[in-house]
Amino acid sequence: MKNHLLAPAALAVVGLCTVSPVASAQSSFSSLSSSSSSSSSLFKWNLSSSSKKSEDGAPEDSEETPLTPTDNRVIWQESFDEVENPARFTHRMPEGWTSSVDGVNSGEARWKGWTTSTIRDWTWAAETDMRHWFTQAHDNLVIIDSKQQRLNDTDAMTAQLTSPDIPVAGQGDINLEFDHHYRQGKEGQNAMVQVSFDGAAPQTIASFDHDVFSKHESLPIEIPAGAQSMQVTFTYANGNDDWWWAVDNVGVVKRLPEVTGKPQAIIDVLSDVQGDPEDYKEAIGLLNAMEDKAGALVLNGDLVDDGSQEQWDTFLQAQKEAPHAAGTQLWTIGNHEMYGPEGSDTYLKRFLTYAGQDKPWNEIVVDGVPLISVNTEYYSDVDRGGKEPFQRLSEEQLEWLDERLNYWDEKGTPALVFSHPLLPQTVSMSHSAWYQNDFEDLEALSNVVNKYTNIVWFSGHSHSSLRQNNWWGVRRYDGTGEAGRTGFPVVNTGAILNEYLPDGDHDEKVVKEKEEASSGLRVKVFSDRVRVEAWDFKANEIIDVVDFAR
């Protein structure tokens, strides 16, 4: 049975944008229909402006055209990170939250009802069993773990977690947003989300009786006339040896209106061609045929299967036979560009020659929107034998990156940043130990990029399916204060060659070979949002859509 969002009269589910709304809360592995889903995030970007492009492509400091400011969309939010938790597991909740549990007369106390912990502590205590696939979680989260509770057969736990009163007087259309990770138990066990206004009877806005792995929910809510406050309740019902539900990053936000007007900029994004020139050419042909034309193409690494001249000749011939209509491109360096016996210097020089760059890092400005590439400066397959880390970023590159992000941040313009490897704990497959070590110095990179929230980061590398709920996520980091804890969105760029899903603790499996697989993105920058469309080029359809508010 599918999960389903319920839509009583006072809580009609409506689309956020011009695409069709999701009619059901999708499982992590369920196939989406041709009707795209649409969701938004808690991100708030300040007043933005459009920087004109000079003749040489560099951004100019003058003649800026102000864009429409977006009011602060966040009405209320809770991350659970301020809860004191010296024992690693606690039933303490943030101020104003209440928790209740019924039907329990046995089992372990720390799993009696909703428990505050972290992903690491949870998995140490309960094993993994896909619990650590919850890539959206950060620091504290709240957890029900029916499997770990070890109840008597005669018990059946129902646990509720209710928010404090959330002020909603005078608000228009709002959305309840949260990240969650739900594994269904036996028939009859279920979970639901309810809202109530001014102490009235609760109304169910979402229910779950099927796996929903690592998903950001954005549930539209209509506020009754005259309502002053709202409470949210998360209920896990009838559990006994029935897996788990974890919730984090709960918020109430003003709903983005339907998009109006044409985008300021459109960017096509492909990655992981890896010796599949025919599918690459097919994807380019579909992108070129789009009615709304892109101003640039980004190739986010692994253009070739190894760094040999033969591989480059094959790829460059495909580019010649199927040129992207925009004529403007930005490339990043993947691990495969650096594979082979000829050594780092040879492969890096070869990439820079064909990319038309004198340094690995680069920035181009397309219709006022900056596209920035972050790239390795060294990798020796001879020395490393294919082992990570793949990305060595010099102090010079990081200082340049800091300067460019600060430049665009001061202008209020979102920067689109492209780098081939995964940032840990962000998007699909980034839970895996395989993808924790791609950057030689992740702390140094985080200390730069997590100073900023008005960027969208794009990563490839994993070939991970864009049909997973967490094809996009958030990079949060405690080392840079409030900006780091707020984080910035990260998007998986799909792959031309093959399509993967996670398998077990850290492994992955091919679910579509190259004859069936080919995916990528279209990025559309509007005055009030950055919209990212995930595309299946074999089916020539949109898989999913997400809007990041500016």
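1. Glu278 is exposed, as its relative accessibility is 52%; for reference, buried means under 20% relative accessible area, exposed over 50%, and partly exposed in between, with a 1.4 Å probe and protein chains only. Its salt-bridge partner is Lys281, with the closest N and O atoms 3.2 Å apart. Lys281, at 19% relative accessible area, counts as buried. Both residues sit in helix H3 (residues 277–288), three residues apart, or about one turn of the helix.

2. A word on the basis of all this: the model is predicted, so to speak of local features pLDDT of at least 70 is needed, side-chain atom pairs count only at pLDDT 80 or more, and totals for chains, interfaces and linings use all residues. Residues are numbered from 1 along each chain as its sequence is written, and side-chain values use heavy atoms, with hydrogens and water left out.

3. Now the salt bridges as a group. The structure holds 29 of them, a salt bridge being a side-chain nitrogen of Lys or Arg within 4 Å of a carboxyl oxygen of Asp or Glu. Helices (H or I, at least four residues) and strands (E, at least two) are DSSP runs, numbered from the N terminus.

4. Asp279 is buried at 7% relative accessibility, whereas Lys538 is partly exposed at 31%. Elsewhere, salt bridges that share partners join Asp268, Asp292, Arg522, Lys524 and Glu533 into one network.

5. Do have a look at Asp145 and Arg131, which form a salt bridge with their closest N and O atoms 2.9 Å apart. Asp145 belongs to strand E7 (residues 140–145) and Arg131 to the loop between helix H1 (119–126) and E7, so the bridge ties together parts that are 14 residues apart in sequence. Are these two residues buried or exposed? Asp145 is buried at 0% relative accessibility, and Arg131 is buried at 0% as well.

6. On helix packing: helix H7 (residues 395–411) and helix H8 (residues 442–449) pack at an angle of about 20 degrees, with their axes 9 Å apart. Axes are lines fitted to C-alpha atoms, for helices over the stretch in contact, and angles run from 0 to 180 degrees between N-to-C directions. H7 and H8 are therefore roughly parallel to each other (angles under 35 degrees count as roughly parallel). The contact, meaning heavy atoms within 4.5 Å, is made by Leu398, Leu401, Asp402 and Leu405 of H7 and by Ala444, Leu445, Val448 and Val449 of H8.

7. Finally, some backbone geometry to check. Most residues other than glycine have a negative phi, and most peptide bonds are trans. Glu388 and Pro389 are joined by a cis peptide bond, with omega about 10 degrees; Pro389 is in the loop between helix H6 (381–384) and H7. Arg88, not a glycine, has a positive phi of about 75 degrees and is found in the loop between strand E4 (74–78) and strand E5 (98–102). Asn249, also not a glycine, has a positive phi of about 55 degrees. Asn249 lies in strand E15 (residues 244–254) and is buried at 6% relative accessibility.

Conventions. Angles under 35 degrees count as roughly parallel, over 145 as roughly antiparallel, 65 to 115 as roughly perpendicular and the rest as oblique.
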